[in-house]
Amino acid sequence: MSFVLTDARIAPMTGGPLIDRGVIVVNGDRIAHVGHDLPAAHSGLPHHDLEGRLVTPGLIDCHTHLVFGGNRAGEFEARLNGASYADIAKAGGGIVSTMRATRALGADALTDQALPRLDALIAEGVTTVEIKSGYGLERDSELAMLRAARALGERRAVAVKTTYLGAHAVPPEYAGRADAYLDEVCLPTLDAAQAEGLVDAVDGFCEGIAFSPAQIARVFDRAQALGLPVKLHAEQLSHLGGTALAARYGALSADHVEYATEDDVRALAAAGTVAVLLPGAFYTLRERQAPPVRAFRDHGVPMALATDCNPGSSPLTSLLLAMNMGCTLFGLTPAEALMGVTAHAARALGLSDRGVIAPGMRADLAIWDVEAPAELAYRIGFNPLHQRIFGGAL
């Protein structure tokens, strides 16, 4: 399809101002023109009058664990009664609890269970979503998770980017033998997933309850040998050196980063690594240590925002609410929050063809019944989406 959107209030997310009463020309799955005037060459295309509505790039949720089995409502209740995230994990709950539920399901069942969560994101204007593995922690289940994630992109009009997170936790059968788990399960499964074309990036959980920087480095070395970009859960619960490790490997992103230091921020800036902020987990776990937003600003580190949708620490399926939380909990401006779910989120996934409204970019757009971009982060529990355009399809 080719068509023109007219009388649009355009938020291009390219660093420039809003374009009032602007036009966007869509040619196939690409944006052909953005501006105040319609070139004569496009005047004969079908017109869609937006009546002054706001247009942003389609939203991008750049950090999710959308595919999993079961739920952890009981752990939510336990935390309210005083148990910490680490306490629950050490008692056999947390990621290992979801592991058991996930291993009991095949790829088809995992896809079916994830669809309602994906639909909630799509309904809020999301056009690209990242989905991680990491709840199988053995070969067949990890591959099933990745196949389920790929299937979600086939069953819905949304782009799915898959991330292998085999280094998420040490399963019970390898308790006290993390390196053996890496040797016998994690790294061979990564090889198998890459051979099957199931992986777009590789992640790990660098934390005292998961893997050390030296162990994550082994995973990153294998990822680099396979030609895959890396990202990292870093400095969420403590300062273990994950952020510096991510920067050293030129990671696409370092995620959570509540305990990142000034030196860490400088390292991210030098590496061009995006800081992905995850306020849903901060909120759910009732954390006190906020990420160093001011330092990220001072050193020019791009800040992305994501839901971190998962069954334990962030059962969140609203990217609009994540924007609000980013502002209220972390002190982002509404403009920073919108950049965090568009241009900076695209960068966190290594995607250069989306996240902004400009000629040549993918025609992934969200049309909103609002007057100002700040309304997207301001409202709580209200979805003002008017229409979503994915790959040029209305």
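How many bridges join strand β7 to strand β8, and in which sense do the two pair? Strand β7 (residues 126-132) and strand β8 (residues 159-167) run in the parallel sense and share five bridges. Keep in mind that this is a predicted model.

- Eight strands make up an open sheet with parallel pairing, in the order β6-β7-β8-β9-β10-β11-β12-β13.
- β6 (59-61) and β13 (303-305) are at the edges with a single partner strand each, so one side of each has no neighbour in the sheet.
- On average, neighbouring strands of this sheet are turned by 25 degrees against each other, direction ignored.

**The nonpolar cores**
- The largest nonpolar core has 119 residues, and those touching the most other members are Ile-24, Val-67, Val-202, Leu-277, Phe-296 and Leu-365.
- Helix α6 (residues 178-195) gives the most to this core, with 10 residues.
- Leaving aside residues up to four places away in sequence, Phe-296 touches several residues, including Val-257, Leu-268, Leu-277 and Met-303.
- A second, separate core has 12 residues, among them Cys-62 and Leu-351.

**Helix α6**
- The 18 residues of α6 reach 24 Å from first C-alpha to last, close to the expected 26 Å.
- α6 bends by about 30 degrees at Cys-186, and Pro-188 follows within four residues.
- Buried residues in α6 include Tyr-181, Leu-182, Cys-186 and Leu-190.
- Among the elements covering the buried residues of α6 are α5 (139-155), β8 and α7 (213-225).
- Just after α6, Gly-197 has a positive phi of about 75 degrees.

Note on methods
Residues numbered from 1 in each chain as written. Predicted model: local features only at pLDDT ≥ 70, side-chain atom pairs only at ≥ 80, totals over all residues. Heavy atoms only, no water. Pairing = 2+ DSSP bridges. Axes fitted to C-alpha atoms, helices over the stretch in contact; angles between N-to-C directions. Core = buried A, V, L, I, M, F, W, Y, C linked by side-chain atoms within 4.5 Å. Buried < 20%, exposed > 50% of the residue type's maximum accessible area, 1.4 Å probe, protein only. Contact = heavy atoms within 4.5 Å. Expected span 1.5 Å × (residues − 1). Bend = angle between axes of the 7 residues up to and from the residue.
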